[in-house]
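Subject: Structure handover

Hello,

Here is the structure we talked about, with its sequence. Please open it first and keep it beside you while you read the notes below.

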Amino acid sequence: MKTKRSDHRYTEDIAREYELITLAYPDFEAFQERMVEGIDFSGAGSEREGPFRLLEIGTGDGFATVKLARALNRAQVSGVITSIDIDSRMIEKAQELLDEHVGNHHVHFLASDALAYLQDEPEGSFDVVATSFTLHNFDNAYRREVETQIHRVLRTGGLYTNADKYAPEGQEQFDALAHHVDEFFTAFLSRGKTELLRKWVIHNISDQSPRHVMFVEETITRLKELGFRKVAIDPRQNLQGLLRAFKG
Ligand SMILES: C[S@@+](CC[C@H](N)C(=O)[O-])C[C@H]1O[C@@H](n2cnc3c(N)ncnc32)[C@H](O)[C@@H]1O
């Protein structure tokens, strides 16, 4: 396992019962599905030789991995998905989920810190880098390095897509946070999950802290500076946004 200096905020019990998050995000599955639908699995326009290559950062339970693997199968192209997570227990869970739901798949799991993995990969080695609900956990400096490396490892014309928490600014940010916390109360209190609710509320507040927050406009500006083009985060719902950016 490759490790480095990331701030791993995704703690024990939150990780163990991560699947409960879908209760607090009514459109969790649809949101990830939209991200997957935005990927052209044919690798069209690629001058890179070999099979289509997709990197997923932050496997988690494997919810998005399953959708990516199914989409790759539907596309009927030769391709490989590499899915990395810093937590080997999450990799094990995801592997089980995938084996159960996608019989014949081409997913290669790896326990690794995202930045350490990216730094070791050659330039232009992926057609797509996809990630969901992971980068918002990173502190800003680490995330910037990860984005720089994502740009480097993508081939020209390659897609970087992220279904994640992108915050609006000012009052709207706090209104969205209040709404989001309210959804966690509704989902978790009625199921008696008070300790987990406490942890998620603290986590959600910390997501909006200066150290972690991913602002929409700031992200778009930075990605353009890195050399991405056609950068868009759209459409936003509360604190969720779907990012698409192409390596210029
Ligand atoms: C909130 S989960 C998201 C999982 C999944 N992508 C989803 O949408 O359901 C974030 C995952 O990122 C992983 N993670 C956190 N920091 C990481 C890092 N520096 N490198 C790689 N994975 C990391 C965590 O272990 C966790 O499984």
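**Notes on the sheet and its surroundings**

In strand β5, Ala163 is the residue that stands opposite Ser132. Before going further, please keep in mind that this is a predicted model.

The pairing of β4 and β5 is parallel and runs over six bridges. Strand β1 (residues 52-57) is also paired with β4 in the parallel sense, over four bridges. In that pairing, Leu55 has Val129 of β4 as its bridge partner. How many residues of β4 are buried? Seven of the seven are, so β4 is largely enclosed by the rest of the structure.

These strands belong to an open sheet of seven strands, in the order β3-β2-β1-β4-β5-β7-β6, and the pairing is mixed. The edges are taken by β3 (107-111) and β6 (228-233); each has a single partner strand, so one side of each is left without a neighbour in the sheet. From one strand to the next, the twist averages 15°. As background, strands of a sheet pair through backbone hydrogen bonds, and they do this either parallel or antiparallel. An antiparallel case here is β5 (residues 154-165) with β7 (residues 240-247), joined by seven bridges. Within this pair, Asp164 has Gly241 of β7 as its bridge partner.

**Helices**

Helix α7 (residues 140-153) lies across β4 (126-132), β5, β6 and β7, and its direction is at about 145° to β5. Helix α5 (residues 88-101) lies across β2 (79-85) and β3, running at about 165° to β3.

There is also a helix pair to look at. The axes of α3 (residues 28-37) and α4 come within 10 Å of each other and cross at roughly 35°. This crossing is right-handed. On the α3 side the contact is made by Gln32, Glu33 and Val36, and on the α4 side by Phe63, Ala64, Lys67, Leu68 and Ala71. By type, the residues of this contact are five nonpolar, one polar and two charged.

**The core**

The largest nonpolar core has 48 residues, and Leu54, Leu68 and Val129 are those with the most contacts inside it. Helix α4 (residues 63-75) gives the largest share of this core, five residues. Which residues does Val129 touch, leaving out those up to four places away in sequence? They are Leu55, Ile57, Ile150, Val153, Leu154 and Tyr160.

Thr82 is found in strand β2. Is Thr82 buried or exposed? There are 21 other C-beta atoms within 10 Å of its own, and a residue is buried if that number is 20 or more, so Thr82 is buried. Not counting residues up to four places away in sequence, Thr82 touches Leu55, His108 and Leu110.

Ser209 is in the loop between α9 (194-207) and α10 (216-226). Ser209 has 9 C-beta neighbours inside 10 Å, and 12 or fewer means exposed, so Ser209 counts as exposed. From C-alpha to C-alpha, Ser209 and Pro51 are 40 Å apart in space, and they are 158 residues apart in sequence.

Regards

Terms used. Residues numbered from 1 in each chain as written. Predicted model: local features only at pLDDT ≥ 70, side-chain atom pairs only at ≥ 80, totals over all residues. Core = buried A, V, L, I, M, F, W, Y, C linked by C-beta atoms within 7 Å. Helix = DSSP H or I, 4+ residues; strand = E, 2+ residues; numbered from the N terminus. Contact = placed C-beta atoms within 7 Å. Axes fitted to C-alpha atoms, helices over the stretch in contact; angles between N-to-C directions. Left-handed = near helix turned anticlockwise from the far one by under 90°. Nonpolar A, V, L, I, M, F, W, Y, C, P; charged D, E, K, R; others polar. Pairing = 2+ DSSP bridges.
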